[in-house]
Amino acid sequence: MATLNFIMPRDLKDGFCEREEKKNKVKHAWVPSGQTRAIFGDEVAIECYCKHCGQREWTQTSRFEFEMLQDFWKELQ
């Protein structure tokens with residue numbers, strides 16, 4: 001299954017899950033939660049969660065990238 005790891009900041013996309021049963025064994029796999037916000041400067045904030053441990057984080061992207069990602073999200077469902 002595809003993930004959104006490529007748009008996450010480096011420390012999050014290369015990080016490992018922190019839950020006890022999966023601690024440092026499984027890399028995060030970020031998928032969109034469905035929440036988005038328009039922010040200043042033609043940017044969009046996207047909330048993502050790790051499908052393994054449930055951790056939630058926000059990342060941001062340009063409006064143009066966000067429009068391209070919407071087609072990609074259909075593959076994630």
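**View A. The salt bridge between Arg63 and Glu67 in helix α2****.** Glu67 counts as partly exposed at 41% relative accessibility, a class that falls between buried, under 20% relative accessible area, and exposed, over 50%, as computed with a 1.4 Å probe on protein chains only. Its partner in this predicted model is Arg63, whose side chain meets that of Glu67 in a salt bridge at 3.5 Å from N to O; the term stands for a side-chain nitrogen of Lys or Arg within 4 Å of a carboxyl oxygen of Asp or Glu. Arg63 is partly exposed as well, with a relative accessible area of 47%. Because Arg63 and Glu67 are four residues apart in helix α2, about one helical turn separates them. Helices (H or I, at least four residues) and strands (E, at least two) are DSSP runs numbered from the N terminus.

**View B. The salt bridge between Glu47 and Arg56****.** By the rule given for View A, the count of salt bridges comes to two, and the one shown here joins Glu47 to Arg56, with the closest N and O atoms 3.5 Å apart. Glu47 counts as buried at 8% relative accessibility, whereas Arg56 is partly exposed, with a relative accessible area of 47%. Side chains of opposite charge can pair when their charged atoms come close.

**View C. The open sheet of three strands****.** The strands follow the order β1-β2-β3 with antiparallel pairing, where two strands pair if DSSP finds at least two bridges between them. The edge strands are β1 (30-39) and β3, each of which pairs on one side only. On average, neighbouring strands of this sheet are turned by 30° against each other, direction ignored; the axes behind such angles are lines fitted to C-alpha atoms, and angles run from 0 to 180 degrees between N-to-C directions.

**View D. The two hairpins of the sheet****.** Strands β1 and β2 pair in the antiparallel sense over seven bridges, with Thr36 opposite Ile46 and Ala38 having Val44 as its bridge partner. Three residues lie between β1 and β2 in their hairpin, and in the turn Gly41 has a positive phi of about 85°. Strand β2 (residues 43-50) also pairs with strand β3 (residues 56-62) in the antiparallel sense over seven bridges, and here Cys48 stands opposite Glu57. This second hairpin has five residues between the strands, and Gly54 takes a positive phi near 85°.

View E. Thr59 counts as buried, at 8% relative accessibility. A polar atom of the Thr59 side chain lies 3.0 Å from the backbone oxygen of Ile7. Leaving aside neighbours within four places in sequence, Thr59 is in contact, meaning heavy atoms within 4.5 Å, with Ile7, Met8, Pro9, Val44, Ala45, Ile46 and Cys48.

**View F. Confidence along the predicted model****.** Confidence is highest in β2, at 92, and lowest in helix α2 (residues 63-76), at a mean of 76. Local features need pLDDT of at least 70 and side-chain atom pairs count only at pLDDT 80 or more, while totals for chains, interfaces and linings use all residues. Residues are numbered from 1 along each chain as its sequence is written, and side-chain values use heavy atoms, with hydrogens and water left out.

Notes
A polar contact is a pair of N or O atoms within 3.5 Å; within protein, one must be able to donate a hydrogen and the other to accept it, and residues adjacent in sequence count only if both atoms are side-chain atoms. pLDDT is the predictor's confidence in each residue, from 0 to 100.
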